[in-house]
Amino acid sequence: MDEELLERVARDPRYIRLVRERARFAWTLSAIVVTAFAAFILVIALDKPLLATPVGDLVMSWGIPVGLALIVLAIASIALFTTRANRRFDPVMAEILAEHAQ
């Protein structure tokens with residue numbers, strides 16, 4: 001891409017909104033995942049017996065399903081961002097590029 005095209009796209013109000021929306025969404029998802037992981041680590045550090053408590057009559061402790069839930073949360077946040085990027089962000093960006101490439 002040439003510099004002139006990049007400058008025109010960077011000044012486009014739709015592009016500026018798109019970048020802000022995408023960043024806000026990414027930071028929100030990141031904050032949710034980081035907060036969940038930090039809470040898990042704090043529980044391990046401050047109340048280890050809580051996660052070592054057995055689940056009902058099973059041999060498994062609560063640490064295992066909570067840890068798995070954190071992994072699922074991380075994967076779900078990636079899937080959510082990818083889906084939104086493919087359905088919302090990419091088409092808008094393609095429209096902006098097509099308009100400015102003319």
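**A buried aspartate and its surroundings**

A: Asp12 has a relative accessibility of 6% and so counts as buried. Please keep in mind that this is a predicted model.

Q: Where is Asp12 found?

A: Asp12 sits in the loop between α1 and α2.

Q: Why does Asp12 count as buried?

A: Buried means under 20% relative accessible area. The value for Asp12 is 6%, and therefore the residue counts as buried.

Q: Which residues is Asp12 in contact with, leaving aside neighbours within four places in sequence?

A: Asp12 is then in contact with Ile96, Glu99 and His100.

Q: And what does the side chain of Asp12 do at the start of α2?

A: One of its side-chain oxygens comes to within 2.7 Å of the backbone nitrogen of Arg14. The side chains of Asp12 and Arg14 also form a salt bridge, with an N to O distance of 2.9 Å.

Q: Is Arg14 buried, partly exposed or exposed?

A: Arg14 is partly exposed, because its relative accessible area is 21% and the buried class ends under 20%.

Q: Which residues are linked with Asp12 and Arg14 in a network of salt bridges?

A: Glu95 and Glu99 are linked with Asp12 and Arg14 in that network.

Q: How many salt bridges does the count come to?

A: The count comes to 6 salt bridges. Among them is one between Arg84 and Glu21, whose closest N and O atoms are 3.0 Å apart. Arg84 belongs to helix α4 and Glu21 to helix α2, so this pair ties together parts that are 63 residues apart in sequence.

Q: Which other salt bridge does Glu21 form?

A: The side chain of Glu21 also meets that of Arg88 in a salt bridge, at 2.8 Å from N to O. This pair links distant parts of the chain as well, with Glu21 in helix α2 and Arg88 in helix α4, 67 residues apart.

Q: Let us change topic. How many residues does helix α2 have, and how far does it reach?

A: Helix α2 covers residues 13-46, which makes 34 residues. From its first C-alpha to its last it reaches 48 Å, close to the expected 50 Å.

Q: Which residues of α2 are buried, and what covers them?

A: The buried residues of α2 are Leu18, Glu21, Phe25, Leu29, Val33 and Phe40. Their cover includes α3 (48-52) and α4 (63-101).

Q: Which residues make up the largest nonpolar core?

A: This core has 10 residues: Leu5, Val9, Leu18, Phe25, Leu29, Ala85, Phe89, Val92, Met93 and Ile96. Two or more residues each come from α1 (3-11), α2 and α4. Helix α4 gives the largest share, 5 residues. In soluble globular proteins, nonpolar side chains tend to be buried together.

Q: What does Val9 touch, not counting residues up to four places away in sequence?

A: On that basis Val9 touches Tyr15, Met93, Ile96, Leu97 and His100.

Technical notes. Residues numbered from 1 in each chain as written. Predicted model: local features only at pLDDT ≥ 70, side-chain atom pairs only at ≥ 80, totals over all residues. Heavy atoms only, no water. Helix = DSSP H or I, 4+ residues; strand = E, 2+ residues; numbered from the N terminus. Expected span 1.5 Å × (residues − 1). Buried < 20%, exposed > 50% of the residue type's maximum accessible area, 1.4 Å probe, protein only. Contact = heavy atoms within 4.5 Å. Polar contact = N/O pair within 3.5 Å; in protein donor to acceptor, adjacent residues only side chain to side chain. Core = buried A, V, L, I, M, F, W, Y, C linked by side-chain atoms within 4.5 Å. Salt bridge = Lys/Arg side-chain N within 4 Å of Asp/Glu carboxyl O.
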